[in-house]
Amino acid sequence: MKKRLLVPFFFILLMVAFLNSSMVFPADKPPKEIKIGASLAITGPFSVEWGPPTLKYSQALESVVNERGGVYVKEYNTRLPIKLIIYDDGSSPDRSVELYEKLATVDKADFFIGPESSPILIKASTIAEKYGIPMIGSCGNSPYIFARGFKWLVGVDMPAPQWGETYYAMIKQLMDTKQIPQLKTVAVIKEETPHTMDVGLGAEHYAKIAGLEVVSSEKIPQGLADFSSIIIKWKGLKPDIVYVASWSSTAATFAKQAHETGFKPFTLHIPHVTLTTVWHKKVGPEIAEGVTGITHIANFKSGDVQLYNEAIKRTGLGPYDLGIPPNRFLSLEVLLKGIEKAGTLNRAKVMDAIKTLRYQTLHGEMFFRFGYDIVGKKCDGVGNKPVYIAQLQGGEIKVLWPLELAEGKYKRR
Amino acid sequence: MRVFFQLFIAGLSLGGIYALLSFSFSLIISTTKILNIAHGVIFVWGAGITAILWLHLRLHPLITFPILFLFFVGFSLLFFNGIVRVLIRKGEHYLLSGSILATFGLAFAMESSLGAGWANFIDPQPTFLLPVNLAPIELWGMAISSNRLMVLFFAGLMIMGFHLFLKKTFFGKGARAMAQNFGGFLIIGLNPYWVSMLIVVLATLATALSGILYILVVPIDAYGGLPITLKALTIIILAGVGSLPGILAAGGLLGLVEVIGSYFFGAIWAHVISFAILFLVLLFRPTGLFGKVTI
């Protein structure tokens, strides 16, 4: 009797065990950390605009995120710390490609943050595409990068040509309110690298939309040391607005030579020179005062301002010394939000989650656009992080536009 | 007419900058046969260290210049004993190729250490510029840059000084003799190491001083040295190795052609124009416009 009962008992036990194991899979063991790889222009020509301070800010962000417990991953029902692996690409696109290859194959990075500057991102993003690893671009915003139909890349910044649209919106408001006279003509310098060329193209494109005439457009080689021929030509043309789409060192050469030869347009707009206060100190107040440009920094009121500010505080530097901290912040935040939304570290699912993200961040709602037309180019994965128009006033950078964030009023040069 | 005069002045002043970039480079090549690829980086170091002492530590120029002098004399002695002397010992045939390889490495090491060191410890943006903005000189309704005229003047002064040193002084004549006939030079009893060392020290000091003058007119970043070496090499090939006054003339010619060419065809063509001229000179006059020897 007992023997007869034992057999069904064990059979039932086996069935229960089998059903148990087949119905409820135990989650894989969670990884120790989420590895996020990136290359950065810590040395080399682009380090002038990013460099060691950007590394410092990234590391500060990492430490604050981890002190808060890391990122919640539903798949493991736990929070995981992040580990940033950042290498110096020496500002070389080819070196950056090698480093992302290493990050994918040797370091086994789970995700990528893009390198700084469009000329480097345009090449490095091919590795993300090759290995199917999500890459979040930080500062690279040339439309060429996003017009290639890449599936594993998004960039947080608004496309470079749109910087011009923002600037002319401010000029129009100043003219409408009679703060400045009616300006009619624009002359544009375009430094021949991805990004600066796109900023220049935007300067031309949106000038025409704003009803301004582009009287001269000069393409220059990278790092041109002599602007004499352009200045002599423009002295004859007398443009109201001079728009210099170049890196800050090249812009310093132009502004200095224009000053030395008595060329003073009504307004001088050089987007990159208000990214930090360094340019003002370098060229001196008689040249820098009143020059307008763009900034990524403003008095942010929405989003996780506390995380953004705490990381800045830890670096011991000011926001304008850190090589565009809002973009570094945003690229990491987008990735972490994507992981949380996907609830997994599965790369495809995280990428899908990132593409459809909508959340409140420093500048307002963050989202990505697909099939977005920019100056005749269909772009996929471009973000909506805006730039703010600023002016160098008394050695400080004052945000002028949009009006709701303005810290000062436009001053004539 | 006024435009052409402005272009002429602009071209000449650009030529002055080009002469400034290249004359000390030419001095070392013609006397020691060392092709110092790190020339442009030493030039940038001159600018960078001046910026540290003058702008960041706010030292008086009377203190800044002796420190610079001592620093670059020390550097040039290290350079001479660590690279030049080693190469001379290996034999004359090894000088050119050996110096290219050794100074290439030196250039990268110096460039990165200045860039990263500067950005980490001094200023997040390693760009050097002296904020000396002199008022332009007004002439017939045209504004001419005083900074550039000053650079042109000092470049001319330094070049003529070195030219006279090589032509008139005992050591200068010795350096020329060493370059022309090393065997004959040894017979007259001069020590080649001492002569080479003197030339290397003087040329290094002149390079550093040129870097200081350069950042009066053009900002430069810590990584701008190698393009400067390339530009200097273009001027030397154009002028001809060993001709210091030729450097001034070739610099002026190249400056004029670039400025006038840029005015009519666009600045994007400036490099194309200068390298096209270089190509033509190499094709039809390989010794350069004013030179007698090839490197």
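Reader: Why is Lys123(A) called partly exposed?

Author: In this predicted model, Lys123(A) has a relative accessible area of 38%. Buried means under 20% and exposed over 50%, so Lys123(A) falls in between and is partly exposed.

Reader: What makes Lys123(A) and Asp94(A) a salt bridge?

Author: Their closest N and O atoms are 2.7 Å apart. The cut-off is 4 Å, so the pair qualifies. The pair links distant parts of the chain, with Lys123(A) in helix α4 and Asp94(A) in helix α3, 29 residues apart. Asp94(A), with a relative accessible area of 45%, is also between the two limits and therefore partly exposed.

Reader: How do you know that Arg328(A) and Glu116(A) form a salt bridge?

Author: The N to O distance is 2.6 Å, and the limit is 4 Å, so the pair counts. Arg328(A) lies in helix α13 and Glu116(A) in the loop between β5 and α4, so the pair ties together parts that are 212 residues apart in sequence.

Reader: Are these two side chains buried or exposed?

Author: Arg328(A) has a relative accessible area of 5% and Glu116(A) has 0%. Buried means under 20%, so both residues are buried.

Reader: Why is Lys398(A) not called buried?

Author: Lys398(A) has 23% relative accessibility. Buried would need a value under 20%, so Lys398(A) counts as partly exposed. Lys398(A) meets Glu396(A) in a salt bridge at 3.2 Å, N to O.

Terms used:
Residues are numbered from 1 along each chain as its sequence is written. Chains are lettered from A and ligands numbered from 1 in the order in which they are written. This is a predicted model: local features need pLDDT of at least 70, side-chain atom pairs count only at pLDDT 80 or more; totals for chains, interfaces and linings use all residues. Side-chain values use heavy atoms; hydrogens and water are left out. A salt bridge is a side-chain nitrogen of Lys or Arg within 4 Å of a carboxyl oxygen of Asp or Glu. Helices (H or I, at least four residues) and strands (E, at least two) are DSSP runs, numbered from the N terminus. Buried means under 20% relative accessible area, exposed over 50%, partly exposed in between (1.4 Å probe, protein chains only).
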